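My notes follow in the order I made them.

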2 protein chains.
Amino acid sequence: MAYRPTERTEARRTQTRERIVRAALALVAQGGYREAQVAAVAARAGVATGTVYRHFPSKADLLTEVFRVASSHEVEAVEQAARFGSAASQHEVDAVAQAGGDFARERIAAAVETFARRALQGRRLAWALLAEPVDPAVEAERLQFRRAYADVFARTIADGIASGELPEQDPAFTATALVGAIGEALVGPLSPTHAGTDVDALVRNLIIFSLRSTTDQELSPHVHRRAA
Amino acid sequence: MAYRPTERTEARRTQTRERIVRAALALVAQGGYREAQVAAVAARAGVATGTVYRHFPSKADLLTEVFRVASSHEVEAVEQAARFGSAASQHEVDAVAQAGGDFARERIAAAVETFARRALQGRRLAWALLAEPVDPAVEAERLQFRRAYADVFARTIADGIASGELPEQDPAFTATALVGAIGEALVGPLSPTHAGTDVDALVRNLIIFSLRSTTDQELSPHVHRRAA
DNA sequence: GTCTATACGTCGATAGAC
DNA sequence: GTCTATCGACGTATAGAC
């Protein structure tokens, strides 16, 4: 009879794979992609170097998975923040909305703040996710990562438009631009060469920028002409 | 007597080098980094493959130089647009400013429009500069490239603050965020997989976004509390 | 998993500048 | 006569097809 892995061996295999991913993630979070050398990853995961290649066809594939895991974790946190803002529940959101409250803006601010504070707390990992030069294969994931963020903001903006709180606009456009803005604004402070960021001031600037850019205002005739 | 290259040979050498860079640039502009194969570059430049390596230690170094040349070209165009907006001269800028005109906003709009239209006209090259996954060595140049753009916007914003046209803000911060926003908003439309962009609509959205994000407005108490 | 095609980078030979 | 820039075929690594 041919060899067939039992559930038990399958489970072990999966566990090993996860240990490898976690080890690589920890190393990236500690010192960026540079420290995620295959030998170092294997050592930290308690496996032989060759074992890594029994689970991933190449180092780039491993790093791609690490990127995916880390980034989806970040996106989820921001999504959670965007869901309710500082409200405790959907119920409270609805209540405030009914009262004509500005909950979409509150939710945007909460999402931005979560994005930024998490990044500045885990600076090295955030740098790896947002800006660190890396193998093109991993780089491609970055484009997805940004899109995922943008989707979160787009939903919130669309809600705000539907409730009349935000002016008519293309939610996907504004959300994409916003994610680009936040990401780029964080790149400098996150850079390993940068030191001494005033986190609160940065968060404040980011929130102000984000709310400005989603909300209408009078444009001078001069400007209107150009934008028309 | 020892051999020493004369001016003539120096000049020839420089010319060859430039031909190689231009050939590589043309190929990147045509089909991205993928088409900039060393053999193809050499063929287009009319030299042998080995000659490329007499001028550049590696393909990555060649591409880095190509990136620098192309990106500085783009930045200069935007800088030019930001200098005067649609005014014909510095004199006119001063005149409008004296009359209380909104020239900083006009200049920002002109810079954004130039940025976007140039990108959408030379889509393949813009994609290569802004987003195409590429060797980390080249990727590192991208960070510089964005900074250069940000500097242009920062100067214009600072002018606007000085003249009282724009509200107090950190010009470097706003400019950085703005560049991130514009870049990210262009990534989608520039992507090779994307088709059929309404260029005028996109430019309009970008200008609106940019002017919103540089200009103050009332924030609700709710939001103020969070941003404070 | 193997096999092939492709593309990077090298190296000895050559022609020509000094 | 010496030295060097250029050539272009080849080795080797890798990626993609089957």
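I checked B:V152 first. B:V152 is buried, at a relative accessible area of 3%. I use buried for under 20% relative accessible area, exposed for over 50% and partly exposed for in between, with a 1.4 Å probe and protein chains only. B:V152 sits in helix α8 of chain B. Helices here are DSSP runs of H or I with at least four residues, strands are runs of E with at least two, and both are numbered from the N terminus. I listed the contacts of B:V152, leaving aside neighbours within four places in sequence: B:V75, B:V78, B:E79 and B:A82. Contact means heavy atoms within 4.5 Å. I also took the C-alpha to C-alpha distance from B:V152 to B:A172, and it is 9.7 Å across 20 residues of sequence.

A note on the source: this is a predicted model, where local features need pLDDT of at least 70, side-chain atom pairs count only at pLDDT 80 or more, and totals for chains, interfaces and linings use all residues. Residues are numbered from 1 along each chain as its sequence is written, chains are lettered from A and ligands numbered from 1 in the order in which they are written, and side-chain values use heavy atoms, with hydrogens and water left out.

Next, chain A overall. I find 11 helices and 0 strands in chain A. Of its 228 residues, 50% count as buried. I then looked at contacts in chain A with a separation of 6 or more: residues 24 or more positions apart account for 70% of them.

Then A:R142. Is A:R142 buried or exposed? A:R142 is buried, with a relative accessible area of 4%. Helix α8 of chain A holds A:R142. Not counting residues up to four places away in sequence, A:R142 touches A:Y33, A:F67, A:W127, A:A128, A:L129, A:L130, A:A131, A:E132 and A:V134.

Helix pairs came next. Two packed helices are described by the angle between their axes and the distance between the axes. The axes are lines fitted to C-alpha atoms, for helices over the stretch in contact, and the angles run from 0 to 180 degrees between N-to-C directions. I started with α7 (residues 123–130) and α8 of chain A, whose axes come within 9 Å and cross at roughly 105 degrees. That makes α7(A) roughly perpendicular to α8(A). The cut-offs are 65 to 115 degrees for roughly perpendicular, under 35 for roughly parallel, over 145 for roughly antiparallel and oblique for the rest. A:W127, A:A128, A:L129 and A:L130 of α7(A) make this contact with A:R142, A:F145 and A:R146 of α8(A).

I moved on to α8 (residues 136–162) and α9 (residues 171–190) of chain A. Their axes come within 8 Å and cross at roughly 130 degrees. α8(A) and α9(A) are therefore oblique to each other. The contact includes A:Y149, A:F153 and A:I157 of α8(A), and A:L178, A:V179 and A:I182 of α9(A).

The axes come within 11 Å and cross at roughly 160 degrees. That makes α9(B) roughly antiparallel to α10(B). Among the residues that meet are B:L178, B:I182 and B:L186 in α9(B) and B:L202, B:L206 and B:F209 in α10(B).

Two helix lengths. α10(A) has 16 residues and should span 22 Å at 1.5 Å a residue; its end C-alpha atoms are 23 Å apart, which agrees. The expected span is 1.5 Å times one less than the number of residues. The buried residues of α10(A) include A:L202, A:L206 and A:F209. α6 (residues 103–121) of chain B reaches 26 Å, close to the 27 Å expected. Of the 19 residues of α6(B), 15 are buried, so α6(B) is largely enclosed by the rest of the structure.

Loops last. A:T193 lies between α9 and α10 of chain A and counts as exposed at 75% relative accessibility. A polar contact of 2.9 Å joins the side chains of A:T193 and A:S191. A polar contact is a pair of N or O atoms within 3.5 Å; within protein, one must be able to donate a hydrogen and the other to accept it, and residues adjacent in sequence count only if both atoms are side-chain atoms. B:G164, in the loop between α8 and α9 of chain B, is exposed at 57%.
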